[in-house]
Amino acid sequence: MSNKKVFNAVVTGVGMYVPDTILDNAYFEKIVDTSDEWIRTRTGIRERRILKDVKEGATSFLATKAAEDILKTTNTSPEEIDAIIVATVTPDMFFPATACLVQDNIGAKNAWGFDLSAACSGFLFAFQTGCSLIESGRYKKVMVIGADKMSSIVDYKDRNNCILFGDAAAGVLLEPSEDSSIGLQDSILRVDGSGREVLNMKGGGSLNPPTHETVDKNMHVIYQDGKAVYKVAVKGMADVSYEIMQKNNLTSDDVAYLVPHQANLRIIDATAERMGIDRNKVMINIDKFGNTTAATIPLCLVEYYRDGKIKKGDKLILAAFGAGFTWGSIYLVWSMD
Ligand code: UT7
């Protein structure tokens, strides 16, 4: 990263929202050929939350709730927000961007913003982007929210995928600080589009615009070759997390927490093992929420912070892997008391 930056971007607020409706593993035993035992041992998931139907709202509803939580808990008025970045692969619609809907819902009348599509790495990519806006010196309050209504693109007849995903939103408020020892310290972010065939949703875009045929062929739901993704996810997440520790002379003792994307407990464990990080220093809530795509990492941060488990000065390694492929790791020093 450049040494020329005037300001460091630090986290000054957090917020989250999960829907009330819980789908436990017993629910899936009733709708597909699966078992609580298989789901728990293969993924670590016990339950996930979903918005029941469209009447309950879409991704902008989830993101707005998280944004309102940030505003309320930081005592910030919406007019103060300079920019809103929403990381999502389930926008309410192709356009306008979900960020515009959130802006309107919260009354952030001085803000600009946009959506960022990087699947499960969305929050990391949006976080780095938001920090860059702060570091430029031009923006003082930037909201970065990861939000996904995965239930809108899950095929509930496909046992390989339907058990994995949940709906949620969570995010942070970023502000400048002259104290360079806190906030974003470093990031290693990557994309590799050659992974496009093993994890995607092919229908609905300009390649396969919606037609009766695309619907009949079930092209508007998640396709994942789980085994293929599993192998590269373990290697990708572990490699960049290890690399960022080496680059910043961090030992596993220095790291307060690994904050991994919550796709599979076995991937999380393998990443932690490669980094030499003890299980008790790994943020885990996949058991309660499943894979909420762009929301998993901020959801962990908010829960652990509010439970009093992270404190100012704690060194955190955030790590994710997702469709694209997209992956990366961020070294963040926590900045809130
Ligand atoms: O978040 C973005 C990136 N995504 C990921 O990181 C996900 C990466 N992949 C995974 O987490 C895992 O591959 C899964 C959890 C998706 C699947 O676990 P797995 O251990 O790789 O299982 P598998 O796909 O190799 O399937 C093993 C067996 C198969 O049966 P056969 O062919 O051995 O008879 C599946 O049909 O398990 C079967 N299976 C199930 N059985 C019961 C697949 N899904 C289920 C299910 N219940 N829900």
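The following dialogue explains several terms as they apply to this predicted model.

Mentor: The model is predicted, with local features needing pLDDT of at least 70 and side-chain atom pairs counting only at pLDDT 80 or more, while totals for chains, interfaces and linings use all residues. Residues are numbered from 1 along each chain as its sequence is written, and side-chain values use heavy atoms, with hydrogens and water left out.

Trainee: Why is Ala119 called buried?

Mentor: Buried means under 20% relative accessible area, exposed over 50%, and partly exposed in between (1.4 Å probe, protein chains only). Ala119 has a relative accessible area of 10%, so Ala119 is buried. This residue sits in the loop between E5 and H5, and its phi, near 50°, is positive although the residue is not glycine.

Trainee: What makes Thr293 count as buried?

Mentor: The relative accessibility of Thr293 is 2%, so Thr293 counts as buried. Its loop runs between helix H10 (286-289) and helix H11 (296-306), and its phi is near 55°, a positive value in a residue other than glycine. Most residues other than glycine have a negative phi.

Trainee: How do you know that strands E4 and E6 pair?

Mentor: Helices (H or I, at least four residues) and strands (E, at least two) are DSSP runs, numbered from the N terminus. Two strands pair if DSSP finds at least two bridges between them. Strand E4 (residues 83-87) and strand E6 (residues 142-149) have five bridges, in the parallel sense, and therefore meet the condition of at least two. Within this pair, Ile85 has Val144 of E6 as its bridge partner.

Trainee: What is the largest nonpolar core, and which residues have the most contacts inside it?

Mentor: A nonpolar core is a set of buried Ala, Val, Leu, Ile, Met, Phe, Trp, Tyr and Cys residues joined through side-chain atoms within 4.5 Å. The largest one has 48 residues, and Phe127, Leu316 and Trp334 have the most contacts inside it. Helix H5 contributes the most, with eight residues.

Trainee: How do you know that a cis peptide bond joins Phe95 and Pro96?

Mentor: Omega is about 0° for the cis bond joining Phe95 and Pro96. Pro96 lies in the loop between E4 and helix H4 (98-106). A cis bond also joins Gly324 and Phe325, with omega about 5°. Most peptide bonds are trans.
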